[in-house]
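Subject: Structure for you to look at

Hi,

Here is the structure I said I would pass on. Please open it next to this email and follow along.

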Amino acid sequence: MTPTDPGLDAVLGSLVPWPDDGSRADGPVAVDATDRLLLDEARDRLATAGPGDVVVLGDRFGALTLGALALGAADVRVHTDAVDAERALLANAEGVDRARDRFSVHTALGPDVLAGARTVLLQLPKSLAELTEVAELVARHAAGDVVLLAGGRLKHMSRTMNEVLGASFADVRATLARGKSRALVAAGPRAERRDGPLTYPVTARLADRELLAAARIVDGGVDVVAHGAAFAGASLDHGTRFLLSTADRWPPADRVRDAVDLGSGTGLLAVVLARRYPDARVVATDRSAAAVASTRATAAAGGVADRVITTRDDAGGGLPGASADVVLLNPPFHDRAAVRTDAAHRMFATAGRVLRPGGELWCVFNTRLRYRPALERAVGPTEHVAQDPRFTVTRSVRG
Ligand SMILES: C[S@@+](CC[C@H](N)C(=O)[O-])C[C@H]1O[C@@H](n2cnc3c(N)ncnc32)[C@H](O)[C@@H]1O
C-alpha cells in the first residue's frame, strides 16, 4: 500500500493545470497517476537527498518538483522542454510555502542541470528520439550511482523504451503497473556513455527540390541540425514541403523587412526565410528548448546565424505587435499531452497581432482541420493557395 503523506497531499492538492484553473471538464489534470507513482517509487531516496542530488525532467505542471521538495529533497534542478510547462511550475510554486528558493530551472538539457545527479525523475517523452537523448545525457553527466525513474502511461509505453534505456544503463527494470501507469528504473550508466559519442544532435544535408527552390539554392543542400525532441528530426516534414512549394507566391523581397518562423522546430523555414529575404531580419520562435537549440544550430550551419534571432516562447506571445511583414506557420497538432488545437489558434492570434497591415501569414495544415474561418477571424482575408488530399496551404492578409 502507498503510504500517505499529509505534506505531499497538501502540495499536490494545491496545483492547477496552469494556465487552466482545472475547471474545464476536458482539460488536463495537474497531477496524474504517473506523477504519484514516480514520487512513491522515489520516496526513500528523496527523504535523504542532499543538495544537488535530485533532478526533475519533463515535469508537466510542477507535481514532480514540488512533490520531491515536499518529500524531503534539499533542492531540485529542473529542465522541461516546453516553456509553458516551465511557467506552470513557476505559477504553482507561488502557492507552495518556501518552494521557490529550493529549485532551479535550466533551459538547456546538459551538464548544468545533470552534473552529479543521484536521483532523476522523468515523465517519459513520447518520442524515442527524445528519450534517447535524455538517457544518454543522464548517463554521461549524472553521478555513477544515479537512479533514473522514468514513468509514463501504459498506452504510451513500449518495450523499445526499455531498450533505449538499456543502451545507456546496465540495469533496467519495470515497476508493477499502478492504475494506467508504470515506471522504468534505470541504474548503472554504461562506460561507453560516459565518454563515447552522443547520438544527438544529428545533422543531415537535405536536398529536397522544394527546399532548395524556396531557399534559392541552385546547387548543394541545406544542413539541418536536430535534437531528439525536435519535430521531424533531421528531415523535411510533408506539410513543410507543401508550404515550401508555394514559395514563389510569397511576398517579394522588397516588401519584407521582418519575417517570422512561428513554431520553428529545427529551423528549416527560418533558413529559407533568411536566404530568400537577404535584407530581412528573421525571428524564429518555439516553445521547445530542443527546437530552439536545433534552430540556432541549423541557422549557424546555413551561415545565417547573424540574421536569425531565436526565442523560446509560448505561441510567440512575446513578439512585438505590428513587427512583421510575413509569418510562416506549420502549426502543431498536439498541445502538450492532449491532441488539441489550442496552440494552433493561439498562434493564429499571434500572427494577426504581429503582422503589419498588408503583411501575410502563410500557413499549412491538415486539410480536414478546416482552419480557414479561424484564420479569417484572427488575421484577415484568407485564400486557399494549394490543396491536396492531406494538406492545405493558406495565405491570410492582415487587414
Ligand atoms: C508542426 S511543427 C513545425 C516545425 C517547423 N516549423 C517545420 O515546419 O518543420 C510545430 C512546432 O510548433 C512548436 N509548438 C507547439 N506548441 C507551441 C506553442 N504553444 N508555442 C510555440 N511553439 C509551439 C512545436 O514545438 C513544433 O516545433
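A word on the ground rules. The model is predicted, so local features are given only at pLDDT of at least 70 and side-chain atom pairs only at pLDDT 80 or more, whereas totals for chains, interfaces and linings use all residues. Numbering starts from 1 along each chain as its sequence is written.

**Domains**

The protein chain splits into domain 1 (6-195) and domain 2 (202-397), with bounds that come from an automatic or database domain assignment. Taken over C-alpha atoms, the two centres are 31 Å apart. Domain 1 puts 15 residues into the contact and domain 2 puts in 14; contact here is when the C-beta atoms of two residues, placed from the backbone, lie within 7 Å. On the domain 1 side, α4 (83-93) and α6 (128-141) each bring at least two residues, and α6 gives the most, with 4 residues. (Helices are DSSP runs of H or I with at least four residues, strands are E runs of at least two, and both are numbered from the N terminus.) That side of domain 1 comes out as 7 nonpolar, 3 polar and 5 charged residues. For the classes, Ala, Val, Leu, Ile, Met, Phe, Trp, Tyr, Cys and Pro count as nonpolar, Asp, Glu, Lys and Arg as charged, and the others, Gly among them, as polar.

**The sheet from β1 to β7**

In this open sheet, 7 strands line up as β3-β2-β1-β4-β5-β7-β6, with mixed pairing. Two strands pair if DSSP finds at least two bridges between them. β3 (103-105) and β6 sit at the edges with a single partner strand each, so one side of each has no neighbour in the sheet. On average, neighbouring strands are turned by 20 degrees against each other, direction ignored.

Both senses of pairing turn up. β1 (residues 54-57) runs parallel to β4 (residues 119-123), joined by 4 bridges, and V56 is opposite L121 in β4. β5 (residues 147-153) and β7 (residues 181-189) are antiparallel over 7 bridges, with L148 partnered by A186 in β7. β7 also pairs with β6 (residues 169-174), antiparallel over 5 bridges, and there F169 has P189 as its bridge partner. β6 and β7 make a hairpin with 6 residues between them, and G179 in the turn has a positive phi of about 60 degrees.

**The sheet from β10 to β16**

This one is also an open sheet of 7 strands with mixed pairing, in the order β12-β11-β10-β13-β14-β16-β15. β11 (residues 281-286) pairs with β12 in the parallel sense over 5 bridges, and V283 is opposite I309 in β12. Helix α13 (residues 342-354) packs on this sheet, where it touches β10 (258-262), β13 (324-329) and β14 (355-366), and its direction makes about 165 degrees with that of β13. Axes are lines fitted to C-alpha atoms, for helices over the stretch in contact, and angles run from 0 to 180 degrees between N-to-C directions.

**Two helix pairs**

α2 (residues 33-47) and α3 (residues 63-70) pack at about 30 degrees with their axes 10 Å apart, and the crossing is right-handed. D35, L38, L39 and L46 of α2 meet A63, L64, G67 and A68 of α3, a set of 6 nonpolar, 1 polar and 1 charged residues.

The axes of α11 (residues 268-276) and α12 (residues 289-301) come within 9 Å and cross at roughly 35 degrees, also right-handed. In this contact L268, A270 and V271 of α11 face T295, T298 and A299 of α12, giving 4 nonpolar, 2 polar and no charged residues.

**Ligand**

Which residues are closest to the ligand? They are T240, G263, G265, R287 and P332, out of 18 residues that surround the ligand; a residue counts if its C-beta atom, placed from the backbone, lies within 6 Å. By class, the shell has 8 nonpolar, 6 polar and 4 charged residues.

Cheers

Definitions and conventions. A crossing is left-handed if the near helix is turned anticlockwise from the far one by less than a right angle, and right-handed if clockwise.
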